[in-house]
Amino acid sequence: MTNSINEIAQAQVILVSGSNTTEAHPQVARRMFDAIDRGAKLIVIDPRRTRLAEHAHIHLAIRPGSDIPLLNAMMRIILDENLADDLFIEMRTENYHALRDMLYQLDLDETAEITGVPLAKISAAAQLYARAQKAVVCYCLGVTQHICGTNNVQSIANLAMLTGHVEKEFTGVDPLRGQNNVQGACDMGALPGHFPSYQPVNTAEYRTKFEQAWGTELSGTPGLSLMEMTHSGPQGAIRGMLIMGENPMLSDPNLKKVEATLKNLDLLVVSDIFLTETAALADVVFPAASFAEKTGTFTNSERRVQMVRQVIPPLGSCRSDGEIIMALSQVMGYDMRYESMAEVMEEIALLAPIYGGMFHDRIEGCWGLQWPCWNRDHAGTSFLHKYYFTRGRGHFVPATHEAAAELPDADFPFILNTGRVYHQYHTGTMTRQSSSLNREASEALLEVNPQDAARLGLRTGDWVELSSRRGSATVKAHITEQVAKGSVYTSFHFPAVAINLLTSDARDPKAQCPEYKVSAVRLEKINP
Amino acid sequence: MNDHYILKKDHLNSLLRRLMKEYRLVAPTKNPHGDTLFSIIDSIEQAHIDLASQPQGSIKPFLFPQQEVLFDYEHSATIDYHFEHTPDSIPTAFFGVRSCDLSAVLYMDVIFSQKKRDPYYFEKRNEAIIISLACNEPFANCFCNATKTGPFLEYGFDLQLTDLNDRFMVETGRAKGCEIVKRFQHFFEPVEERDSKAQYQAFLEARSHFKQQVHVEQAIKRLAREPIPEEIWESLSLRCQDCGGCAYLCPTCTCFTITDLATSASSGRRIRSWDACTFSGFTRMAGGHNPINSRTHSIKQRFLHKLKYDVQEHGRPSCVGCGRCVGICFGGVDIIRFINKACGQN
C-alpha cells in the first residue's frame with residue numbers, strides 16, 4: 001500500500017476494485033465505513049454484488065476480465081472533462097503522450113459495451129474520483145488474478161497518476177495483501193529474482209554484497225515462479241521441493257497438474273502446523289511452530305513491521321521456521337547459526353536498505369515501524385512517493401483490452417469466479433480446525449443467479465456437478481443475486497470441493513499470477 | 001443504610017496484600033503491551049494495577065468462562081455412564097470493578113438462577129467478593145447514566161470505593177463487605193463531614209462528564225410501542241462482520257453452546273463455550289434454513305434482547321452502558337448507533 005490503513009478513513013472518495021473487503025480485509029473495511037460516515041463516497045468495481053457493493057454510491061458491475069476497458073474509459077472521460085492533473089503529470093511522470101494517444105483512439109461506447117456497464121455510470125464514477133481532493137484506490141485479487149493482471153494494475157496506476165492521486169496523505173494506490181506476512185515474505189526476497197529489499201539477483205553489486213555477508217557463492221540467474229514449479233509436470237526439471245506453510249494441493253489452479261508434479265518428485269518435504277493436503281503427499285513432514293510459539297516479525301499490508309512474541313513453548317517436537325531452516329542448512333553443510341531472532345533482524349537491517357533502521361529494540365513495545373526506514377533515527381514512512389516516485393518519474397504504461405484466456409462457450413457456458421468467505425482463511429489449514437468457524441461456514445456454496453437457477457431448475461441446497469475442461473466437483477447451490485447472470489462463484493477453502501481442480505492455469509506472462517477469476521464451466525443438477 | 005468509612009490510598013496496597021492471603025485477587029492490570037485487563041494478581045509489587053483506564057474486558061470470564069468443562073464422562077461395557085465434575089471455586093476478591101460491570105454481574109445472577117440455579121456459575125459467584133469503584137470520570141464511550149447502572153451504585157456491591165484524591169470513601173453493601181471492614185478494622189477510619197461533601201460533589205460532577213448522549217429510555221419506549229423500520233435493521237446488519245466481538249466483550253451477553261469432546265471411544269468431556277446471536281450458526285437449522293436472514297437481520301436479536309425482551313422479562317434493559325461494543329465493532333454496528341437510529345437520529 002502506498003498509504004497507511006488509517007488514512008483510508010480520511011479519504012473523500014474510495015475506489016475499491018476486485019476486493020471483497022468486508023470478508024477478506026475487515027479491518028480495512030472498517031476504515032471505509034468510517035470514511036462513509038464522514039461523508040466519503042464509495043465506488044466499487046466488482047462483477048459481484050458484494051456486501052461492500054451494497055454500501056457503494058456507485059457500483060460498477062463489470063463483466064469479469066474487463067478492468068482495462070473500464071479504467072481506460074474512465075481515463076478518457078477524465079480527459080474529455082478536463083479533469084486530468086496537468087501539473088502532476090508534468091512534474092512527476094513520463095510517457096504521458098503514449099497514454100493520451102491511446103485514450104484518444106478509444107471508442108467510448110464500444111469500450112463501455114465490453115464492460116457491460118452503462119457509459120453514464122462509468123462517467124459518474126470517473127468524475128467523482130477525479131474531482132476529489134483526497135481519493136484512494138484499494139484493489140485486491142480481483143484485479144491481479146487475470147492473464148492481464150499486471151496491465152490491470154498498471155492501468156490503476158495510470159488512473160491515479162493522471163489525476164494526481166498519489167504522493168499526498170489520504171491519496172494513493174493500495175493493494176490489500178491477503179496474508180499477515182506476505183508483504184514481509186516479498187520484502188525478504190521470497191521472489192524468484194530478488195534478494196531482500198527488492199535488490200535484483202542479476203545485478204553484480206547486490207550479489208557481491210550478499211555473497212560477502214553469507215560467505216558463499218550465489219546465483220545471478222532468477223529462479224522460477226510458483227506456478228513454474230508446481231506445474232512443472234512429472235518429468236519436470238525440479239526433482240525436490242521444500243514447501244513451508246503453503247498448501248498448493250488446494251490453493252493452486254488446475255490441481256491435477258500440481259498433483260502430478262508433487263507425486264513424481266524425488267523428494268518432497270513439507271513444513272506446516274497441521275497435516276495439510278500437500279503435507280499428506282510428502283516424504284518428510286516437519287512440524288512447524290505456530291505464531292504463539294515463536295518470536296520474530298510480521299510485515300503487514302501497510303508495510304508495517306511488527307513484533308510477534310512467543311507466549312508458549314513449542315508443543316511436541318515443533319520448531320520455528322527459522323530453526324528448521326538453520327538445522328537443515330547445517331545438515332546440508334552450511335553452518336547457519338543465529339543466536340536469536342534479534343540477530344536475524346540485525347542482519348536484515350544491514351543488508352536490506354528499506355529495513356535499515358529496524359531493530360527489535362525499536363519495534364518492541366509499540367506498533368512497529370513502516371518501511372522504508374533507512375536508519376536508526378528514521379521514523380519510518382506512512383505513505384510512499386512523497387516528492388518523487390521510487391523509480392524517479394512515474395511511468396505511464398498504456399494497456400488495451402485482453403480477453404480472458406477461457407471464455408464461456410456452448411459446452412461450458414458459465415464463468416466461474418473464485419474467492420474467499422469471512423470465516424475461513426485460505427486453504428483452511430488453521431480455520432477448519434475451529435468448531436465455531438466451521439459452524440459459520442463448513443462447506444463451499446456455489447452462488448448462482450436466480451435467472452440461471454430458474455432455467456436449470458436449481459434451488460438453494462441442490463447439489464450441482466460443476467465441471468470445466470480440467471476437472472469437476474460436486475457442490476451445493478446457493479441462489480443469490482450477488483452474482484450476475486451467466487456467472488457462478490464459490491470459495492476454495494474446502495478439500496471436499498477442491499474447486500482448483502477446475503480453475504484455469506492460464507497466467508499473466510509478467511507476474512505469473514494465474515487467472516483464478518475466470519474459468520469456463522458447466523453446471524448440471526444432480527438429482528437425488 | 002450503608003455504612004461509610006475512609007481508606008487512605010497510602011494503605012490500599014497493604015489492604016490488598018492482606019486480602020491476598022485469603023483470596024485470589026483480580027484487578028484491572030496494565031500489561032507490558034499497554035492493555036488494561038482484569039487479571040489475577042500474584043504480586044502487588046510486580047502488577048501494575050491500573051484504575052485510570054477502562055478495562056478492555058469485564059469480569060464476566062471469571063464467573064462464566066469463555067470455555068468451561070462442565071464434566072468429564074466415561075462409559076464402557078462394564079460401567080454405566082460415570083460423570084465427574086471438578087468444581088472451580090476459588091475464593092476471589094474482585095477489586096476495581098466499575099459500576100457497569102457490577103450491574104452486569106447482578107444481571108447474570110438473575111439470568112443464571114431462572115427456574116433452576118446454574119451450579120457452574122454459582123460455584124464461582126458464591127465465592128466472589130466484589131469491591132467496586134465508582135466512576136468520577138466516565139470513559140469515552142460510557143453511557144451508564146442512561147442505562148441507570150452507574151456511575152455510582154447504591155446496592156449490589158460488597159464494598160464500593162469512591163476516589164477522593166488521597167483517600168477512598170468506602171461504603172459497605174452486602175454482608176461480605178461488612179465482614180471485611182469488621183475483620184480489617186484498622187484500615188478504616190471514620191468519615192468526616194468534608195468527606196461526605198466531597199463524595200456528593202464527585203457524584204454530581206460525574207453526571208456532567210459523560211461524552212455520549214444516548215437516549216436509552218426513549219429507545220426502550222419506542223421499541224415497546226412499535227416495530228423498528230426494516231431499513232434500520234438492514235442498514236446496520238449489512239455492516240455487521242459477524243465477528244461476535246460485541247457479544248464476547250459484552251458483560252451481560254450470556255448465550256452459550258455446548259459441545260461434547262470425545263477423548264477416547266469411551267470417554268470425553270462436555271464443554272460450554274460462549275456463543276453469539278449474531279453468528280448465523282446460532283439460528284441456522286440442520287437443513288440449512290435460517291429463520292433469521294443473517295445478511296439483513298443479524299443484529300436484530302441482539303438489540304431487541306437488550307432493550308426490549310429483557311425489559312419485558314426483568315423490568316430493565318440488559319445493556320449496562322459500558323460502551324465496549326462501541327470500541328470493538330468493525331462496522332460501527334454498536335448499540336449507541338442503534339439507539340440513536342431507533343430514536344430517529346443519525
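Helix axes are lines fitted to C-alpha atoms over the stretch in contact, and angles run from 0 to 180 degrees between N-to-C directions. In this predicted model, helix α4 (residues 67-80) of chain A and helix α8 (residues 119-131) of chain A pack at an angle of about 65°. Their axes are 9 Å apart, and α4(A) passes α8(A) in a right-handed crossing.

On the α4(A) side the contact is made by L70(A), A73(A), M74(A), I77(A) and I78(A). They meet I122(A), S123(A), A125(A), A126(A), Q127(A) and A130(A) in α8(A). The residues of this contact between α4(A) and α8(A) divide into nine nonpolar, two polar and no charged.

Chain A also touches chain B: 15 residues of chain A are in contact with 12 residues of chain B. On the chain A side, α2 (26-37), α3 (51-55) and α19 (435-440) each supply at least two residues. The largest share, six residues, comes from α2(A).

Within chain B there are two domains, domain 1 (4-65 + 86-207) and domain 2 (216-254 + 277-342). Their C-alpha centres lie 28 Å apart. The contact between them takes 21 residues from domain 1 of chain B and 16 residues from domain 2 of chain B. On the domain 1 side, α3 (99-111) and α5 (144-147) of chain B each supply at least two residues, and α3(B) gives the most, with eight residues.

The table gives the residue classes for two of these sides.

| Domain 1 of chain B, touching domain 2 of chain B | 12 residues | seven residues | two residues |

Definitions and conventions
Residues numbered from 1 in each chain as written. Chains lettered and ligands numbered in written order. Predicted model: local features only at pLDDT ≥ 70, side-chain atom pairs only at ≥ 80, totals over all residues. Helix = DSSP H or I, 4+ residues; strand = E, 2+ residues; numbered from the N terminus. Left-handed = near helix turned anticlockwise from the far one by under 90°. Contact = placed C-beta atoms within 7 Å. Nonpolar A, V, L, I, M, F, W, Y, C, P; charged D, E, K, R; others polar. Domains from an automatic or database assignment.
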